[in-house]
Every structure is written in C-alpha cells, then in structure tokens.
Amino acid sequence: MASNFHISSIKTNGNLHLKLFGDFDVNSAQELTNTLLTHGAGYWDVFIDTNNLESIHPFGRSAFKMNLSNFKNQLNNLFFIGEHKHEIAPN
C-alpha cells in the first residue's frame with residue numbers, strides 16, 4: 001500500500017461514505033476492495049469519494065476494476081464521487 005494511502009468511513013442513515021486519501025496503487029486498490037467486501041454489504045448506498053487522491057497508478061486502477069467486477073452485485077448501490085471518479089469507477 002502506498003505509505004500515504006488511507007480510507008476514512010462515515011456511516012449515516014443506512015449509507016456508507018468512504019473517503020480515499022493519498023496515492024492509489026495496487027495495494028491501495030486491494031485495501032479498498034477488502035473494505036467494500038467487509039463493510040459494504042447491508043447499506044442502501046455506498047459512496048466512494050475520490051477528491052483527496054493525490055495520484056492514481058494505472059495498475060491500481062486496473063486491479064480495482066478487476067476485483068470490483070467479481071463482487072459488484074453484492075453491493076446495493078455503489079457511487080463514485082469527486083474529481084477522480086472517472087479514473088476509478090468502472091465503465
């Protein structure tokens with residue numbers, strides 16, 4: 001994981017908000033995947049805020065998209081928000 005990467009989470013009204021901070025590399029992608037698998041189910045909506053990402057590494061993006069395709073149906077509604085949403089969100 002990038003040494004400066006971390007995720008903060010806020011749970012409100014049946015929704016989960018995840019804020020990503022730092023550099024998004026392969027290990028960061030795995031951490032986000034694990035967080036979604038562990039904590040994402042059971043919420044009406046899950047929001048992933050990309051505003052505080054400093055850089056997005058191509059391998060991190062690819063790894064996350066590949067992992068996400070394996071379990072996306074387990075999440076009710078997954079929304080990517082913020083200025084980097086198009087770089088991480090699946091097509």
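This is a predicted model: local features need pLDDT of at least 70, side-chain atom pairs count only at pLDDT 80 or more; totals for chains, interfaces and linings use all residues.
Two packed helices are described by the angle between their axes and the distance between the axes. Helix 1 spans residues 26-39, and helix 2 spans residues 58-71. They pack at an angle of about 25°, with their axes 7 Å apart. Helix 1 is therefore roughly parallel to helix 2, since angles under 35 degrees count as roughly parallel. The crossing of the two helices is right-handed.

Helix 1 contributes Val-26, Ala-29, Gln-30, Leu-32, Thr-33, Leu-36 and Leu-37 to the contact. Helix 2 meets them with Phe-59, Gly-60, Ala-63, Phe-64, Asn-67 and Phe-71. Of the residues in this contact, nine are nonpolar and four are polar. None is charged.

The largest nonpolar core has 23 residues. Those with the most contacts inside it are Leu-20, Phe-24, Leu-32, Leu-36 and Phe-64. Two or more residues each come from strand 2 (15-24), helix 1, strand 3 (45-56), helix 2 and strand 4 (78-81). Leu-36 also takes part in the contact between the helices. Beyond its neighbours within four places in sequence, Leu-36 is in contact with Leu-18, Ala-41, Val-46, Ile-48, Phe-64, Phe-71, Leu-75 and Leu-78.

Asn-15 lies in strand 2. Its relative accessibility is 15%, so Asn-15 counts as buried; the cut-off is under 20%. Residues up to four places away in sequence aside, Asn-15 touches Ile-10, Tyr-43, Trp-44, Asp-45 and Phe-47.

Technical notes: Residues are numbered from 1 along each chain as its sequence is written. Side-chain values use heavy atoms; hydrogens and water are left out. Axes are lines fitted to C-alpha atoms, for helices over the stretch in contact, and angles run from 0 to 180 degrees between N-to-C directions. Helices (H or I, at least four residues) and strands (E, at least two) are DSSP runs, numbered from the N terminus. Angles under 35 degrees count as roughly parallel, over 145 as roughly antiparallel, 65 to 115 as roughly perpendicular and the rest as oblique. A crossing is left-handed if the near helix is turned anticlockwise from the far one by less than a right angle, and right-handed if clockwise. Contact means heavy atoms within 4.5 Å. Ala, Val, Leu, Ile, Met, Phe, Trp, Tyr, Cys and Pro count as nonpolar, Asp, Glu, Lys and Arg as charged, and the others, Gly among them, as polar. A nonpolar core is a set of buried Ala, Val, Leu, Ile, Met, Phe, Trp, Tyr and Cys residues joined through side-chain atoms within 4.5 Å. Buried means under 20% relative accessible area, exposed over 50%, partly exposed in between (1.4 Å probe, protein chains only).
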